[in-house]
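Subject: Model for you to look at

Hello,

Here is the structure I promised to pass on. Please open it alongside these notes.

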Amino acid sequence: MSNRSIANTAFVFLSRLATGICGFILVFLIGVIVWNGMNSMNIQFLLSEASNFGASGGILYQIVGSLLLVVMASVLVMPVAIGTALFKSEYITSPALFRLSSILIYSLNGIPSVTFGIFGLIFFVNILGTGISWFVGSIILAMMMLPTIVLTTYQSVNSIPSSYRENAYALGLNKWQVIVKVLLPQSFHGAVTGLLIALARAIGETAPIMFIATAFSGITVPGSLFDPVVSLPTHILALAQQATNEAALQNAWGSSLVLLSLVLVFSVSALLSRLRLKEISQR
Amino acid sequence: MRISRLYIAGSAIVSAIIVLLIFVTLIVNSSAAVAANGFHLFTYEWNPAKDQFGVLPMIFGSGAVTIIALCLAVPIGLMAAIFTSEILNPMWRAPVKSVLEILAGIPSIIYGLIGIAFFSVWVGDLFDLQSGRTILTAGLLLAIMILPTIITLCDDALHNVPQKYRETAAGLALYKYEIVKDVLLPIAKADINGAVLLALGRALGETMAVMLVIGSIDRVPEPFYNALSAGQTITSKLGREVAESAFGSVHFSALIFMSLLLVAITVSLTSLTQFYFKQEQRLVE
């Protein structure tokens, strides 16, 4: 065999080895979460209240709290995100303003999650005096979700062929009618895909909400928007910190499996929604 | 019509204000620490009781875990991407991508739990340490966390190289190794650099997983390359101490100062990434 052929064989072997390592890591991660999670999984666990600082009992209110946080965040973020995407796609005419808007959105995307939590703590909890609450947590999560949704919505609005707009204008529609009757229906799936991707990320976030939205125990369903909630990620954090307690760790695995399932529900829906998006754009 | 324009301009302005508000809040709240400590912020002693707020151990820790993570994840991730893009049957590419997306979506707190339950125990046993919560453990965990991002972006980078380059190179009787090394990698270089920068930004900003396994001790190890001792990153420091420090104190302000440093680094990295990806588009045309 020539040197070249040996180098090639070694190269192909190394890339197979690297892929093998990645495959092994994948199987290990999923295996560990599912195996350990299943051990503590039962109806009782899903439908009862946490007790004894989470070491016994279930996670019903943690699931409810997590969902409340992200649902409220979606309600807050969608109007702003769609408006911003439309502004970026349909209203900006100067290249400088366009570049500025891109920089701002990418900056927001690049801010680490813990910084969002600190910002919320300073601005809402301390300066505005809102206290630790569900509402503040949702506002901060909404801010984190904003860039993802703006970008996907922008892409789907912007990829609508200009013949659609021209035809609509020719029929005598004004700009707002074009947006409502033509652009929004055509780009609806883009916005939904963006929302689902953002939700999959937001529901697993711990750092942004741990200072500003959640209390550890003794809370069920928040009575108002300005009450604290409990959530799955912060519950796992609290349990992981008492890792020497076998029962707490067991419940942490159970909570992790539930959290991962919620993430998967959102990300698989995003995947399906994106496939449908592709189909539509190919028509 | 007027209301509609008001809505669209309004939401764009709200988005812009959010970004600016975050920066302004961080700058205003870190000014107290800068005024009180000046250049003493860049020293090695962190002791709020003695009014010492040196941030260098945390900067060192963030740098160290990120370097360990990149050194492990970039070679493995790039080789795996070469496999999925150039060697694997294209039929399998879509499922592989979906699985990678799922992996990238595992919340960081779950990585942290796995880190506490397995990695720190393994590192502790393997090197016979009292506690397995070390800089190395955090680096290992981070490497696994950024691996899917690196694979999927490098795979895209290689896959975007037009087919004609491969065909021409194969027509010259080059081996796969030579095609990848001499043809594909130079063309995809800008995108791969972008992928690494993006992963770097992710690794620097990662909080929960690192916080749980790094051991949280505010000093540079002795000697500095000893990755088997506990350390502290900017993010783990913030995660542990922000809730404990009083709002308005110099202690709090020093923490915000670190957060500002972190944001400045990650935001410029993300902007730089955009620059890299854009440059590549021009190259392909």
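Helices (H or I, at least four residues) and strands (E, at least two) are DSSP runs, numbered from the N terminus.

A word on provenance. This is a predicted model: local features need pLDDT of at least 70, side-chain atom pairs count only at pLDDT 80 or more, and totals for chains, interfaces and linings use all residues. Residues are numbered from 1 along each chain as its sequence is written, with chains lettered from A and ligands numbered from 1 in the order in which they are written.

Back to α3(B). The helix covers residues 93-105 of chain B, 13 residues in total. It reaches 18 Å from first C-alpha to last, close to the 18 Å expected at 1.5 Å a residue (1.5 Å times one less than the number of residues). V96(B), L100(B) and L103(B) are buried. These buried residues fall within an arc of 60° seen down the axis, so they line one face of α3(B). The arc is taken over directions from the helix axis to the C-beta atoms. Their cover includes α1 of chain A, plus α2 and α5 (135-159) of chain B.

Next, the chain contact. Chain A puts in 67 residues and chain B 65. Contact means C-beta atoms, placed from the backbone, within 7 Å. α1(A) gives the most to chain A's side, with 18 residues. That side divides into 48 nonpolar, 17 polar and two charged residues. Nonpolar means Ala, Val, Leu, Ile, Met, Phe, Trp, Tyr, Cys and Pro; charged means Asp, Glu, Lys and Arg; the others, Gly among them, are polar.

Look at α1(A) against α2(B), residues 56-87. They pack at about 105°, with axes 8 Å apart. Axes are lines fitted to C-alpha atoms, for helices over the stretch in contact, and angles run from 0 to 180 degrees between N-to-C directions. The two helices are therefore roughly perpendicular (65 to 115 degrees). Residues meeting there include V12(A) and R16(A) from α1(A), and I76(B) and F83(B) from α2(B).

Finally, chain A overall. It has ten helices and two strands. Buried residues make up 49% of its 283 residues.

Best wishes

Terms used: Two residues are in contact if their C-beta atoms, placed from the backbone, lie within 7 Å. A residue is buried if 20 or more other C-beta atoms lie within 10 Å of its own, exposed if 12 or fewer, and partly exposed in between; C-beta atoms are placed from the backbone. Angles under 35 degrees count as roughly parallel, over 145 as roughly antiparallel, 65 to 115 as roughly perpendicular and the rest as oblique.
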